[in-house]
Amino acid sequence: MTKTARGSLLDIEHLDAKEITGLLQLARRMNPLKPRPLLRGKRVLLLFYEASTRTRSSFEIAAKEMDAMTTLVLSSGSSIEKGESLLDTAYTLQAVGADVMVVRHPAAGAPLLMARHLKIPVINAGDGMHEHPSQALLDAYTILRHKKKLQGLQVTIIGDIYHSRVARSAIHLLSKFGARITLCGPPELLPELATCLAPNLHISRTAEEAVRGADVVMVLRVQKERLAGLKIRLQDYIARYQMTLARMKLAKRDAMVMHPGPIIRGLEITWEVADCPQSVIVEEVANGVPVRMAILARALGKA
């Protein structure tokens, strides 16, 4: 099978600007404070092979705000622990009545594999180092609440870009709308080939250069154990790439600070920057609910 069920959301790369705009417009019509029974009687299955707080909880809340029933299946405590294959698990959950499946998996391409074999829509909630499409959508939604348009914005993404599915989805989305994107990080976390992800990407090796004149600064989580494995000294990374108030002053006065979470305060970002007036980190989390309401409504033909 090669076709996928209508309504699946597997990546940003293969969505066109019109589809993305439609999802963002639909999200603006969603109000979590005024629940609408758009999905009454529908079953939303949350299948998570990896730990999650923001994505999992916001998908669940989004579904319940539209009166859907939700079931959470984790890799621990299920037949997955006994060695059941991804597809057998998917077939089982479809058979018990799931109408849509939200999947997070450590292997890139896992949601696509499922979507090619199931009759129901599959939503990618993050797959390996590939993509995290709903995060890119909620980030775009958040930016557009503060900026008139994405076109022409100078967006800086700083941190572990090589391993980041968030960065990949953000790059694909923002580039489709004409944003100017600068990537920043050490070569071990940002190889030169990253410029192949989209046209007109710029790489900077210094945080000061990267944030100068930026409209949006997106900071990515950095794992201490990954730095150690790459023989990057923690203090060297902090000294060169940590987002500080001094570095933020090089961006535009109305620049936004973003972070997909979880935040490692004191590593990739200081406490002061995470909590400064320019920070929209908490707002990003809140915006995940209406955006994921829109994704679920689209998946089940209620848009």
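Hi everyone, let me start with a contact: the side chains of Gln154 and Thr182 make a polar contact at 2.9 Å. Please keep in mind throughout that this is a predicted model.

So where does Gln154 sit? It belongs to strand β5, which covers residues 154–158. Is Gln154 buried or exposed? Its relative accessibility is 14%, and the cut-off for buried is under 20%, so Gln154 counts as buried. Once we set aside the neighbours within four places in sequence, Gln154 is in contact with Arg180, Ile181 and Thr182, and also with Gly213, Ala214, Asp215 and Val216.

Two of those names come back with another residue, Ala255. Not counting residues up to four places away in sequence, Ala255 touches Ala214 and Asp215, along with Met248 and Gln278. Ala255 is found in the loop that runs between α10 (245–248) and β9 (256–258). With a relative accessibility of 2%, Ala255 counts as buried. Here is one more distance for you: the C-alpha atoms of Ala255 and Val217 are separated by 7.1 Å, and these two residues are 38 apart along the chain.

Let's move on to charges. As a reminder, side chains of opposite charge can pair when their charged atoms come close. How many salt bridges does the count come to? The answer is eleven, and I'd like to walk you through some of them.

One of them joins Glu50 and Arg165, with the closest N and O atoms 3.0 Å apart. Glu50 lies in the loop between β1 (43–48) and α2 (54–65), while Arg165 lies in helix α6 (residues 165–176), so this pair ties together parts that are 115 residues apart in sequence. Glu50 is partly exposed, at a relative accessible area of 25%, whereas Arg165 is buried, at 15%. Hold on to Arg165, please; we will meet that residue again.

Another salt bridge brings together the side chains of Glu192 and Arg205, at 3.1 Å from N to O. Glu192 is in the loop between β6 (180–184) and β7 (202–204), and Arg205 is in the loop between β7 and α7 (207–211), so the parts tied together here are 13 residues apart in sequence. Glu192 counts as exposed at 52% relative accessibility, and Arg205 as partly exposed at 22%.

Then there is Asp275 with Arg265, whose side chains meet in a salt bridge at 2.9 Å, N to O. Asp275 is in the loop between α11 (271–274) and α12 (281–299), Arg265 is in the loop between β9 and α11, and the two are ten residues apart. Arg265 counts as partly exposed, with 31% relative accessibility.

Now for the spaces. The structure holds one cavity of 30 Å³ or more, and the largest cavity has about 50 Å³ of space. Which residues line the largest cavity? They are Arg54, Ser58, Gln135, Leu138, Pro260, Glu284, Val285 and Arg292. The elements giving two or more residues to this lining are α2, α5 (133–144) and α12. Of these, α12 gives the most, with three residues. By class, the lining of the largest cavity has three nonpolar, two polar and three charged residues.

What about the largest pocket? About 570 Å³ of space lies in it. Its lining is made of 23 residues, and here is Arg165 again: Arg165, Val166, Arg221, Gly261 and Pro262 lie nearest the pocket's centre. The elements that give two or more residues to the lining of the largest pocket are α2 and α6. By class, that lining divides into six nonpolar, ten polar and seven charged residues.

The peptide bond from Gly261 to Pro262 is cis, with omega near -5°. Pro262 lies in the loop between β9 and α11, and that loop also holds Arg265.

Lys231 has a positive phi of about 60°, and its place is in the loop between α8 (224–229) and α9 (234–241). Is Lys231 buried or exposed? At a relative accessible area of 76%, Lys231 is exposed.

Technical notes
Residues numbered from 1 in each chain as written. Predicted model: local features only at pLDDT ≥ 70, side-chain atom pairs only at ≥ 80, totals over all residues. Heavy atoms only, no water. Helix = DSSP H or I, 4+ residues; strand = E, 2+ residues; numbered from the N terminus. Buried < 20%, exposed > 50% of the residue type's maximum accessible area, 1.4 Å probe, protein only. Polar contact = N/O pair within 3.5 Å; in protein donor to acceptor, adjacent residues only side chain to side chain. Contact = heavy atoms within 4.5 Å. Salt bridge = Lys/Arg side-chain N within 4 Å of Asp/Glu carboxyl O. 1 Å grid on protein atoms, 1.4 Å probe; cavity = no way out; pocket = protein on both sides within 12 Å on 5 of 7 lines; lining within 4 Å. Points joined across faces, edges and corners; volume = space filled by probe spheres on them. Nonpolar A, V, L, I, M, F, W, Y, C, P; charged D, E, K, R; others polar.
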